[in-house]
Amino acid sequence: MDKEKLVLIDGHSIMSRAFYGVPELTNSEGLHTNAVYGFLNIMFKILEEEQADHVAVAFDLKEPTFRHQMFEQYKGTRKPMPEELHEQVDLMKEVLGAMEVPILTMAGFEADDILGTVAKESQAKGVEVVVVSGDRDLLQLADEHIKIRIPKTSRGGTEIKDYYPEDVKNEYHVTPKEFIDMKALMGDSSDNIPGVPSIGEKTAATIIEAYGSIENAYAHIEEIKPPRAKKSLEENYSLAQLSKELAAINTNCGIEFSYDDAKTDSLYTPAAYQYMK
């Protein structure tokens, strides 16, 4: 018997990818549907490719998270979701509900934390896990039995890049765990994670590849090159530490998850059919 397999989807991230990749669509009532259509295409494509028998979708909530408590400006530069996408979120949840796909949310935590927690717990129980997100932050979750799949949707269709730990290492020269430290140095403008001024992705990757963590890099501060990066890390080490806390996915957020409820044997329900007509 094949090992059981669970597909976990980053709801808002994949809806956003679909929204910008699929031409505008509306239903008979004028409601935009391109994000829902694109999301379902990606979900079915991955379920088919993976021959997976379980699926669940995690969504962010509007309320602030523990990261906002640590750093008030977290995600402060992010533009609001376009209305044409926003109006599809509830519809997406209704369709998933009709398909009996579990929707996972948790106050104070992001979808990333939910995905990380469920992925690591499921792997520990001997389940093969596939995490689907447009956000490369999720690469820190790649593990022996956790594959990260990042779809790119364009008018020509959907391309998906797959990452196990060796793929992360090949592309970024750091391990999944070290990816957090790399981001702590380089920052992330989309999440408004400050990082260390004047250290970009390439320098961050070189430093973390050599020293393994921001803590160890700081312990060897006299060796850090180039001089500009050395000076900046020396002056902004507390910013690097804060950035690392913001960048790290919490894989122990305490979300309740029923593996049995995520079984995919009833996606094509009569209720779901009503949405597809």
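The following dialogue concerns a predicted model.

Student: On what terms are residues and features counted here?
Tutor: Residues are numbered from 1 along each chain as its sequence is written. In this predicted model local features need pLDDT of at least 70 and side-chain atom pairs pLDDT 80 or more, totals for chains, interfaces and linings use all residues, and side-chain values use heavy atoms, leaving out hydrogens and water.

Student: Is asparagine 34 buried or exposed?
Tutor: Asparagine 34 lies in helix H2, residues 34–50; helices (H or I, at least four residues) are DSSP runs numbered from the N terminus. Buried means under 20% relative accessible area, exposed over 50%, and partly exposed in between, with a 1.4 Å probe and protein chains only. Because its relative accessibility is 3%, asparagine 34 counts as buried.

Student: Which residue's side chain forms a polar contact with that of asparagine 34?
Tutor: A polar contact is a pair of N or O atoms within 3.5 Å; within protein, one must be able to donate a hydrogen and the other to accept it, and residues adjacent in sequence count only if both atoms are side-chain atoms. For asparagine 34, the contact spans 2.9 Å, and the partner is glutamine 88.

Student: How are the rings of phenylalanine 19 and tyrosine 20 arranged?
Tutor: Rings of Phe, Tyr and Trp (its six-membered ring) pair if their centres lie within 6.5 Å; planes under 30 degrees apart count as stacked, over 60 as edge-to-face and the rest as tilted. The structure holds 5 aromatic pairs. With centres 5.0 Å apart and planes at 80°, phenylalanine 19 and tyrosine 20 are edge-to-face.

Student: Which of these two residues is exposed?
Tutor: Phenylalanine 19 has a relative accessible area of 14% and is therefore buried. At 58% relative accessibility, the exposed residue is tyrosine 20.

Student: How are the rings of phenylalanine 44 and tyrosine 268 arranged, and how many residues apart are they?
Tutor: The ring centres of phenylalanine 44 and tyrosine 268 are 5.7 Å apart and the planes lie at 10°, so this pair is stacked. Phenylalanine 44 belongs to helix H2, whereas tyrosine 268 is in the loop between helix H11 (237–247) and helix H12 (270–276), a separation of 224 residues.

Student: Why is helix H1 described as largely enclosed?
Tutor: Among the buried residues of H1 are His12, Ile14 and Phe19. Helix H1 (residues 11–21) is largely enclosed by the rest of the structure because the buried residues number 8 of the 11.

Notes:
Helix = DSSP H or I, 4+ residues; strand = E, 2+ residues; numbered from the N terminus.
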